[in-house]
Amino acid sequence: MIAPFKAVAAAGDWSAQLHALAELLQMDVLPPGQVLRRALADDRYASNLFMSRGQPTLLRKLLASPGNAAFAEAAVAADSADIAAVPALATVGHAVAAMGRWAASGFATLSVDQAEARMAVCRPCAHYTAAPKNLLYGLTFDAAVDMNICSACGCVARRKAKLASEDCPKGYWPITQSKETHHA
Ligand code: SF4
């Protein structure tokens, strides 16, 4: 394993390793789990990632490499569905804090109706706005998905609205009865 990735592997549990990889590569969104698995097992791929750090165009190609598929089914502590629900947040530090809150909630997500009730408040809100075209939001994997952000906190509103542990920074969201949870 090449040196920079030893620190990633030693960062802690699976989510900590994902955040460490995002930080190493200067990404503001978490990489897919299969990228981390491959980087830890394939030194050549890891070297290419490291040399592409901070360069969105190169990273995008490496994150979409067909060779990553072979690393998609390895057993890991946190499955990709959980990780995919983590909001894209303004900074890695912010993401770590949100991840901690979400973990503390038992990875609880709201029902579709509860999340939609939040989004019904967001959509007409003055803070609900298109995400800027930069690295932070540019690495989303599905361009058809609503990536509007809340300008008050920098979160992708649609993702944030699903997480029981998150709240509207302005206090506009309806109170969620007893934070009813539906685990991801
Ligand atoms: S989270 Fe709150 S402040 Fe942000 S867009 Fe939604 S309603 Fe507005």
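Predicted model: local features only at pLDDT ≥ 70, side-chain atom pairs only at ≥ 80, totals over all residues.
**Overall architecture**

The chain contains 10 helices and four strands. Along the sequence these elements follow the order α-α-α-α-α-α-α-β-α-β-α-β-α-β. The chain has 184 residues, of which 31% count as buried. Among contacts with a sequence separation of 6 or more, 65% are between residues 24 or more positions apart.

**The packing of α2 and α3**

Two packed helices are described by the angle between their axes and the distance between the axes. For helix α2 (residues 14-24) and helix α3 (residues 33-41), the angle is about 80 degrees and the axes are 10 Å apart. Angles of 65 to 115 degrees count as roughly perpendicular, and α2 and α3 are therefore roughly perpendicular to each other. The contact brings Q17, L18 and L21 of α2 together with G33, L36 and A39 of α3. By class, the residues of this contact comprise four nonpolar and two polar residues, with no charged residue.

Burial can be followed in both helices. In α2, the buried residues are S15, Q17, L18, H19, A20, L21 and A22. Helix α3 is mostly covered, with seven of its nine residues buried. Those buried in α3 are G33, Q34, V35, L36, R37, R38 and A39.

V35 is a residue of helix α3. It counts as buried because 25 other C-beta atoms lie within 10 Å. Between V35 and L18, which are 17 residues apart along the chain, the C-alpha separation is 9.3 Å. When neighbours within four places in sequence are left aside, V35 is in contact with L63 and N68.

The loop between α2 and α3 contains Q26. This residue, just after α2, has a positive phi of about 60 degrees. Most residues other than glycine have a negative phi. Q26 takes its positive value although it is not a glycine. With 14 other C-beta atoms within 10 Å, Q26 is partly exposed.

**Nonpolar cores**

The largest nonpolar core has 18 residues, and L21, A22, L25 and A39 touch the most other members. At least two residues of this core come from each of α1 (3-9), α2, α3, α4 (43-51) and α5 (56-63). Helix α2 supplies the largest share, four residues.

**The ligand shell**

Around the ligand are V121, C122, C125, H127, Y128, C150, A152, A157, C168, P169, K170 and Y172. This shell has 10 nonpolar residues, one polar residue and one charged residue.

S151 is placed in the loop between β3 (149-150) and α10. S151 is partly exposed, with 17 other C-beta atoms within 10 Å.

S165 is found in the loop between α10 (157-160) and β4 (182-183). Beyond residues up to four places away in sequence, S165 touches R101, W102, A104, S105 and A108. The C-alpha atoms of S165 and R101 are separated by 5.8 Å, although the two residues are 64 residues apart along the chain. S165 counts as partly exposed because it has 19 C-beta neighbours inside 10 Å, whereas burial requires 20 or more.

| Residue pair | Separation along the chain | C-alpha separation |
|---|---|---|
| V35 and L18 | 17 residues | 9.3 Å |
| S165 and R101 | 64 residues | 5.8 Å |

Terms used
Residues numbered from 1 in each chain as written. Near = placed C-beta within 6 Å. Nonpolar A, V, L, I, M, F, W, Y, C, P; charged D, E, K, R; others polar. Axes fitted to C-alpha atoms, helices over the stretch in contact; angles between N-to-C directions. Parallel < 35°, antiparallel > 145°, perpendicular 65-115°, else oblique. Contact = placed C-beta atoms within 7 Å. Buried ≥ 20, exposed ≤ 12 C-beta atoms within 10 Å, placed from the backbone. Core = buried A, V, L, I, M, F, W, Y, C linked by C-beta atoms within 7 Å.
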